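Here are some friendly notes to read alongside the model.

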Amino acid sequence: MTTKSFVIHFHLKKRTGVEQAKLPVYLRLTINGERCEIHTHQHCELSRWNKQAQRAKGTTEQIRTLNAYLDALERDVQSARLKLTELGLPVTVSGITKILT
C-alpha cells in the first residue's frame, strides 16, 4: 500500500466553556485520510501561537524549549515513517503511534 498523503500538523486545542491561560498543544497526524490526535503534554498561550508556522512565537527560553520539543517530535514521526517503510510495512496512523508510544 502506498502512502498518498502524509500530514503532520500542530495546533492548540480549545475546550468550550473553559477559559484557560495556556492551551494544550496537539499533534494531528493524517495518513491517507485516516487521522489521530496526540497530546504533546505541552501548553502554550493562544496569543503566542503562530498558526502558519505551527509553533510558538517569541524568543524566551520557555518558547525555544517548546519549539525544540515540537521539532524533535516531528522528527520522531518522520523517523517512524522511515522505519515502517524500510521494514516493508504499510505506513499507517496506528503503525506510527505504536512506534512513538
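1. Let us begin with Arg55, which counts as buried at 13% relative accessibility. Here buried means under 20% relative accessible area, exposed means over 50%, and partly exposed is in between, using a 1.4 Å probe and protein chains only. The side chain of Arg55 meets that of Asp71 in a salt bridge, at 2.9 Å from N to O. This pair links distant parts of the chain, 16 residues apart, with Arg55 in strand 5 (residues 55-56) and Asp71 in helix 1. Asp71 counts as partly exposed, at 33% relative accessibility. A salt bridge is a side-chain nitrogen of Lys or Arg within 4 Å of a carboxyl oxygen of Asp or Glu. Helices (H or I, at least four residues) and strands (E, at least two) are DSSP runs, numbered from the N terminus.

2. A word on the basis of these notes: this is a predicted model, in which local features need pLDDT of at least 70 and side-chain atom pairs count only at pLDDT 80 or more, while totals for chains, interfaces and linings use all residues. Residues are numbered from 1 along each chain as its sequence is written, and side-chain values use heavy atoms, with hydrogens and water left out.

3. How many salt bridges does the structure hold? There are 5 salt bridges. In one of them, the side chains of Lys13 and Glu37 meet at 2.8 Å, N to O. The two residues are 24 apart and link distant parts of the chain: Lys13 is in the loop between strand 1 (6-12) and strand 2, and Glu37 is in strand 3. Lys13 is partly exposed at 34% relative accessible area, and Glu37 is partly exposed at 30%. Lys13 and Glu37 also belong to a network of salt bridges that includes Arg28.

4. Arg64 is partly exposed, with a relative accessible area of 48%, whereas Glu61 is exposed, with 53%. Side chains of opposite charge can pair when their charged atoms come close.

5. Now to the strands, where two strands pair if DSSP finds at least two bridges between them. Strand 1 and strand 2 run antiparallel and are joined by 7 bridges; His11 has Tyr26 in strand 2 as its bridge partner. Strand 1 is mostly covered, with 5 of its 7 residues buried. Strand 2 also pairs with strand 3 in the antiparallel sense, over 9 bridges, and Leu27 has Ile38 in strand 3 as its bridge partner.

6. Which backbone angles deserve a second look? Most residues other than glycine have a negative phi. Asn32 is not a glycine, yet has a positive phi of about 50 degrees. Asn32 lies in the loop between strand 2 (23-31) and strand 3, and the hairpin of these strands has 2 residues between them. Asn32 is partly exposed, at 32% relative accessible area. His41, also not a glycine, has a positive phi of about 65 degrees. The place of His41 is in strand 3, and His41 counts as exposed at 63% relative accessibility.

7. What about disulfides? A search of the whole structure finds 0, a disulfide being a pair of cysteine sulfur atoms within 2.5 Å. Cys36 counts as buried at 17% relative accessibility, and Cys44 is buried at 3%.

8. Finally, the largest pocket holds about 170 Å³ of space. On a 1 Å grid over the protein atoms alone, a pocket is an open set of points where a 1.4 Å probe fits, with protein on both sides within 12 Å along at least five of seven lines; lining residues have an atom within 4 Å of a point. Grid points are joined across faces, edges and corners, and the volume is the space filled by probe spheres set on the points. The lining includes Lys22, His43, Cys44, Arg48 and Leu66. Strand 3 (34-44) and helix 1 (61-86) each supply at least two lining residues. By class, the lining has 3 nonpolar, 4 polar and 3 charged residues, where Ala, Val, Leu, Ile, Met, Phe, Trp, Tyr, Cys and Pro count as nonpolar, Asp, Glu, Lys and Arg as charged, and the others, Gly among them, as polar.
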